[in-house]
Amino acid sequence: MATTNQQARTVNPSTSKVGDVSSLILLAVLLAAGFILNFTLGNALAIVGIKPQFIIAAYSLAILLSGAGPAQAVIYGLISAAVIQFTTSIPGLNFFTESVSALLMSFLVARKVGGDKLYPLVCTFLTTLLSGALFAVCGTLIMGAALPTVLVKVPLVLGTAVFNAVVVQALTPALRKVLKR
């Protein structure tokens with residue numbers, strides 16, 4: 001019996017183009033927290049006119065902390081959209097809005113838009129703003145309403161974008177320390 005010199009093949013998950021296991025676990029934990037916060041704090045704040053979307057904050061944080069590239073960001077957006085399906089008013093639309101918005105987040109984070117200290121705030125604000133604007137415009141068209149009715153949703157979208165941006169800015173330093181990233 002001839003012996004061959006075989007070596008075990010290993011895959012280094014950190015070099016994968018769609019992310020490593022630890023980044024996906026981070027996303028899962030953040031999405032779980034976001035989902036719970038949407039049902040509790042999100043519903044409570046809706047009374048005062050701000051409806052934070054903690055799922056957007058969750059994937060924004062995951063992209064920011066993992067340094068997700070475009071492909072990984074789109075996957076994060078799709079996974080997040082799947083979670084949002086439990087609470088959305090227009091099923092399916094979030095697969096588009098969150099994929100595009102997560103891609104924007106990846107692009108903005110890679111360029112540290114907003115500078116070294118404020119890019120979590122600026123990137124999350126712009127990402128949430130895009131997600132909300134896309135959902136408002138597309139949702140209005142899908143529901144057959146006149147496009148000018150989107151203007152009614154502007155304060156809600158802006159309030160949500162500000163809230164998410166502040167949450168992500170506040171959580172980023174602490175999570176970086178805990179995760180050593």
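Q: Why is S80 called buried?
A: In this predicted model, local features need pLDDT of at least 70, side-chain atom pairs count only at pLDDT 80 or more, and totals for chains, interfaces and linings use all residues. Residues are numbered from 1 along each chain as its sequence is written, and side-chain values use heavy atoms, without hydrogens and water. S80 has a relative accessible area of 0%; buried means under 20%, exposed over 50% and partly exposed in between, with a 1.4 Å probe and protein chains only, so S80 is buried.

Q: Which residues are in contact with S80, leaving aside its neighbours within four places in sequence?
A: They are L27, L31, I55 and Y59, where contact means heavy atoms within 4.5 Å. S80 itself is found in helix α3; a helix is a DSSP run of H or I with at least four residues, and a strand is a run of E with at least two, numbered from the N terminus.

Q: At what angle do helix α1 and helix α3 pack?
A: Helix α1 (residues 21-45) and helix α3 (residues 70-84) pack at about 30°, and their axes are 11 Å apart. Axes are lines fitted to C-alpha atoms, for helices over the stretch in contact, and angles between N-to-C directions run from 0 to 180 degrees.

Q: How many helices and strands does the protein chain have?
A: The protein chain has six helices and zero strands, and its elements run α-α-α-α-α-α from the N terminus on. Of its 181 residues, 37% are buried.
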